[in-house]
Amino acid sequence: MTIENPNINQDGSNTNHETITKVTGMFKEWFLDYASYVILERAVPAINDGLKPVQRRIMQSMKDLDDGRYNKVANIVGHTMQYHPHGDASIADALVQVGQKELLIDMQGNWGNILTGDRAAASRYIEARLSKFALEVIFNPKTTLWQASYDGRRKEPINLPVKFPLLLAQGAEGIAVGLSTKVVPHNFIELIDASIKILKGKSFTILPDFQTGGIADFSNYNDGLRGGKILVRAKISVSDKKSLIISEIPFGTTTTSLIDSIIKANDKGKIKIKHIEDNTAADVEILIHLPNDVSPDKTIDALYAFTNCEISISPLSCIIQDNKPIFIGVSEILSISTNQTLGLLKQELEIQRNELEEQWHFASLERIFIENRIYRDIEEESTWDGVIKAIDAGLKPHIGHLKRAIHEDDIVKLTEIRIKKISKFDLDKAKQFIESLEDKIAEVNNYLDNLVDFAISYFKNLKTKYGKGKERKTEIRAFDDIIATKVVMRNTKLYVNREEGFIGTALKKDDYVTDCSDIDEIIVFLNNGNMMITKVSAKTFIGKDIIHVAIFKKNDKRTIYNMLYRSGKSGPTYIKRFPVTGVTRDKSYNLANDDENSKMLYFSANANGEAESVTVNLRAVGSIKKLKWDLDFADLAIKGRGVRGNTVTKHTIRKIELKNEGVSTLKPRKIWFDDTVQRLNVDGRGDLLGEFTAADRLLIINQKGIIKTIEPKLTAHFDEDMIVLEKWVPNKPISAVYYDGDKDRYYVKRFMVDNPNKDELFISEHPKSKLEIVSTDYRPMASVVYSKKSLEDEPLNFEEFIAIKGIKALGNQLTKEKIKYIDILEPLEYEPPVLEDYEVESEDINSDEDVEPISIEIASESDEVSQSPTDEDGQITLF
């Protein structure tokens, strides 16, 4: 860039003999100067004391004004402007930020609220003073290096002699030119403990701790360096089935911003809430009210996934060392700080020892001067030099035990002793004082000889004096990943036009598929064997002849797709089973031997890996004699989606019919029951019911006395009067006490479930009959409490009272007396029967021999069916 002179003529001559000045170089110099100034003097803290320049100047101003009483913040700000060449607003804001960390400053008045985000009152209304902790660990003029202030009128500290890892305790954040810093705060007590470990040469680990509490995952903290990440969550608890309470919020958020993010997520349909209340005062209390059909557990996960209830913090540990910005980890920062504290303590002890030795030196001179009446030697001296020489001569015979030579300043101090002190001099007191100084010097020397132990005691003393109330607030926990698609509220409907090949949320005149959300992915299968996964949108063209549409679950290994397809226009028919765990979005995959002319003959999607049986019907062509047979998908191994599959037949198939529903061929899966929404799930919400195989069932008993077992399908619905829901154990007895309305008596019965496929009433059918208690323990116990006060409570041992009978049996009468209530007690210990071990003889199998694959024969043109594993016609080979 150049600046042109307006006096230059068109021919290039300069009437004023001036030249063009280039400012490019000047711009580079100025920018670098500005950048260096912002980095060193504004945004980044120094490692020596952990303070930015404005914070250091505030501390020094508060020390200048300190008299033990509170000072107006406006007065402190004005005093700080003697050191800080910037406006009062920036100083006041920095002062409030330091005060809100509740470590260096005692506050009085309205200093704002870090929980709600409320600002502090005007600086003329609030007051502050240095805390006792600050006075003890930050200041010592004797070990402070000073420099001239910006205008040269005053002296300010280059760095304050801080004997504590203040930078890590308070944290720091700043944006400079070309770099930034973000050191998150750590726990006061844990920093002291880690410093002690450093002094002892032990390994240590420090993790952040936030004033706002919350729950945090520090597994990727990376010692505070670039690339690290902290996940922080609000602490959310279930108040009841219809409400949640947020009691702690993530670092860097406020209740206002948190509530705004929740309302925004609700408006977008990500979560579903009724209304929200903010009752925050000294502690956080945000009350979230839920609709009747919403699960609290699922809502908690959704809050973490879609709102500021979970945030990610990226630390970046940048500090100033030797007037240069450097990037080092928090462990190294703590080591440097600890070693600096050790050095400052040594420096203070050495200064203290020198001062004590100077006191001892002068006290000894004073004793010699007065005890030996040397002051009389100056009576005849008329000049000052003569006085000095006379005293020096009088001292020489007595100074052999002194630790250093006598200087003229020492003699001058002796001449300043008052006559009153000389006349009242007490030799014994003088000896005692000198001996006490010698004891103190010996003590300081001992500290210096054992400096590390002294430093450890120093840190322990800080912990004892100031550690109360500074316990860890943020809970350390490893987080499981929350899959957004599993917790999002699906409030949009998905439609499909199968013939034309369109799916979307705007096709409201076409077939309804399922509820979805705008972050869901949809898996689509076409009749020609193509498959595609795409994002939910208003309208998307996939391809004509859609046969299956569903919400896609990434990495889902339990959903198994069973299919039979014809390869090409007239090729053989293949069968295969496969999962779809993950693919590239919006890419078409052909699952039918990569032939666009292929055709799906049978397809099913099974959420729990079910394997059904189908009947294959061939077209009657030629001499084929076997035109119909059954296939069981359970006999087929589950493989990848890209395999061709196993050959079913080379002949034309007329149709394939479903013979019967299958059962799961996968390993047991865990199933939970969410009591709030009365639904089963596999996402860990609610109470764990157990691990279920395809043959396992759920036992259900309701208050009406009806018992049944059902398959644990996630789509199952449950009655509100259900009192027992658990995994059914067929040989486990059911024990019950019921009131028979017809006989007006209480009966006890024990029975097994005889018919698992039938709902059965196990109490009498009289309208006044009612179930009192039911237990599924092997050996239950109960306590019967009678209405009459004269009758004592009676224990009931079901096992001794009645044997196991049929489900329709009346049972044994319990009592004729009126019962107030019956309590279920702890069951008796039950030991399952021990099965004896039997030796099983087996034939020897030569492991070196080839094992032929299992073959299921399918009809061919000939009446004879080939058993050869190499015969490709009319067989399925399972590997």
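Strand E27 (residues 560-566) and strand E28 (residues 573-578) form an antiparallel pair held over 6 bridges. This is a predicted model.

- Across the pair, Tyr 565 stands opposite Tyr 574 in E28.
- Both strands belong to an open sheet of 4 strands, in the order E30-E27-E28-E33, with antiparallel pairing.
- Strand E30 (599-606) and strand E33 (646-649) stand at the edges. Each has a single partner strand, so one side of each lacks a neighbour in the sheet.
- From one strand to the next, the twist averages 20°.
- Strands of a sheet pair through backbone hydrogen bonds.

**Helix H3 and its buried face**
- Helix H3 (residues 73-80) has these buried residues: Val 73, Ile 76, Val 77, His 79 and Thr 80.
- Viewed down the axis of H3, they fall within an arc of 165°, so they line one face of the helix.

**Where H7 meets H10**
- The axes of helix H7 (residues 188-199) and helix H10 (residues 330-371) come within 10 Å. They cross at roughly 75°.
- H7 and H10 are therefore roughly perpendicular to each other.
- H7 contributes Leu 191, Ala 194, Ser 195, Ile 198 and Leu 199 to the contact. H10 contributes Leu 334, Ser 335, Thr 338 and Leu 342.
- The residues of this contact divide into 6 nonpolar, 3 polar and no charged.

Technical notes
Residues are numbered from 1 along each chain as its sequence is written. This is a predicted model: local features need pLDDT of at least 70, side-chain atom pairs count only at pLDDT 80 or more; totals for chains, interfaces and linings use all residues. Side-chain values use heavy atoms; hydrogens and water are left out. Two strands pair if DSSP finds at least two bridges between them. Helices (H or I, at least four residues) and strands (E, at least two) are DSSP runs, numbered from the N terminus. Axes are lines fitted to C-alpha atoms, for helices over the stretch in contact, and angles run from 0 to 180 degrees between N-to-C directions. Buried means under 20% relative accessible area, exposed over 50%, partly exposed in between (1.4 Å probe, protein chains only). The arc is that of the directions from the helix axis to the C-beta atoms. Angles under 35 degrees count as roughly parallel, over 145 as roughly antiparallel, 65 to 115 as roughly perpendicular and the rest as oblique. Contact means heavy atoms within 4.5 Å. Ala, Val, Leu, Ile, Met, Phe, Trp, Tyr, Cys and Pro count as nonpolar, Asp, Glu, Lys and Arg as charged, and the others, Gly among them, as polar.
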